[in-house]
Amino acid sequence: MLISAMPFAAISASQDQANDQTRRLIRQIMLEQRIPGLQVAVVKQGQIVLSEAYGLANVENGVLASRDTRFPLNSATKAFTGVAIAQLAEQGRLDLDAPASRYLNDLPAAWKDVRLRQLLAHTSGLPDILDAKGLLGGGSEAQAWAAVTARPVDAAPGQRFAYNQTNYVLLARIIAQQSGMSYERFLTTGQFSGARMARTTFGDSYDLIPDVATMYSLAPRTTDAANTPPRLSHWFYDMPPSLWAGGGILTTADDTARWLVALTEGRLLPETALRRMWSAERLADGRAGPWAGGWPVLRASPDLQVAGIGGARSAFVVYPDRDVAVVVLTNLVGANPQQFIPRIADFYARDASPPAHERVALARQQRAVVAGP
């Protein structure tokens, strides 16, 4: 297994052991699941302590995966959209408890009471703009929008959780309306630039973007016989601009890790807003739903665990109470890294160190001293 690694200075013996355990686990899982290419990054106590790339970005041409290879986040993009909405709320440009109709005046009457936080947490009850074949009706984005707005709602707002992409089409429009710039421009200026995400962009497998990993699947083709052994095949996905807020980011594990550092250090959102964003949205009957503000909540307490999960091939999980985050990006649909990321996180058991909020406050004090009056 070929590997591209970065040097790290002065790592502790326990961290060195954790890194070695992660490398062994990654190699094992890649062999077992037949994952062609993979990136992994681990953040601990505000530092990227491991960042490596393995295998092939493109199998048929023997192109090695490197730390510069771009992988799609797919639905993990929704976490970035959640941050963008939280930033606008902090700036006083929108209210998460307000109905979407306050900011968009062309919504169907049955949609007007859906609140922003219900869009973020998939409790809106709105019909989905996608079906099993892609955009509704199989036509253009405009045709799909006309089709979905003609459908009845699936449930009353807040009644139940139902994952769908219509929610994030609306959130992208609200971000553009309230920020005065396009969705992608607002993310670039408000998140990518501040976190030094130089390799991050938007697109899908039909776009001609340099250094993007080719996507593969082991799923049987529709023309295969029932007993055909699994074989690696190309996987194509279409992500038009209107759906970028729900799944359009192409990035690297390095860039994603830098974004998580910026997020947890308070450079993108204050601590209070961050914790609100990571709090599960309540349903109308008082039960906690499985999503917060753009983030799946894998575990609420103890040991809060929030995630970005996309396309059954990319994921990152944040463990705020452990001060650890793990990013794994792959080019195999069905790799489901969210299932083995917890094993990696367990290697980096939190040792004696200041809590995250104390470390952030200390870093700010140090920067203030260096800057002077």
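1. In this predicted model, Asp 224 and Arg 231 form a salt bridge through their side chains, with an N to O distance of 2.5 Å. Asp 224 is buried at 18% relative accessible area, whereas Arg 231 is partly exposed at 34%.

2. A search of the whole structure gives 17 salt bridges. One of them pairs Asp 20 with Arg 23 at 2.7 Å, N to O. These two residues are about one helical turn apart, because they sit 3 residues from each other in helix H1. Asp 20 is partly exposed, with 30% relative accessibility; Arg 23, at 18%, is buried.

3. Asp 321 and Arg 275 also meet in a salt bridge, at 3.8 Å from N to O. Asp 321 is in the loop between S14 and S15 and Arg 275 is in helix H9 (residues 271-277), so the contact ties together parts 46 residues apart in sequence. Both count as partly exposed: Asp 321 at 36% and Arg 275 at 33%.

4. Asp 97, Arg 115, Arg 117 and Glu 281 belong to one network, joined by salt bridges that share partners.

5. Backbone geometry deserves a check at the following sites. Most residues other than glycine have a negative phi, and most peptide bonds are trans. Arg 34 has a positive phi of about 60 degrees; Arg 34 lies in the loop between helix H1 (13-33) and strand S2 (37-44) and is partly exposed at 43%. Asp 323 has a positive phi near 60 degrees. Its loop runs between strand S14 (314-319) and strand S15 (324-330), and Asp 323 is buried at 8%.

6. The peptide bond between Ser 301 and Pro 302 is cis, with omega about -15 degrees. Pro 302 is in the loop between strands S12 (297-299) and S13 (305-310).

Note on methods: Residues are numbered from 1 along each chain as its sequence is written. This is a predicted model: local features need pLDDT of at least 70, side-chain atom pairs count only at pLDDT 80 or more; totals for chains, interfaces and linings use all residues. Side-chain values use heavy atoms; hydrogens and water are left out. Helices (H or I, at least four residues) and strands (E, at least two) are DSSP runs, numbered from the N terminus. Buried means under 20% relative accessible area, exposed over 50%, partly exposed in between (1.4 Å probe, protein chains only). A salt bridge is a side-chain nitrogen of Lys or Arg within 4 Å of a carboxyl oxygen of Asp or Glu.
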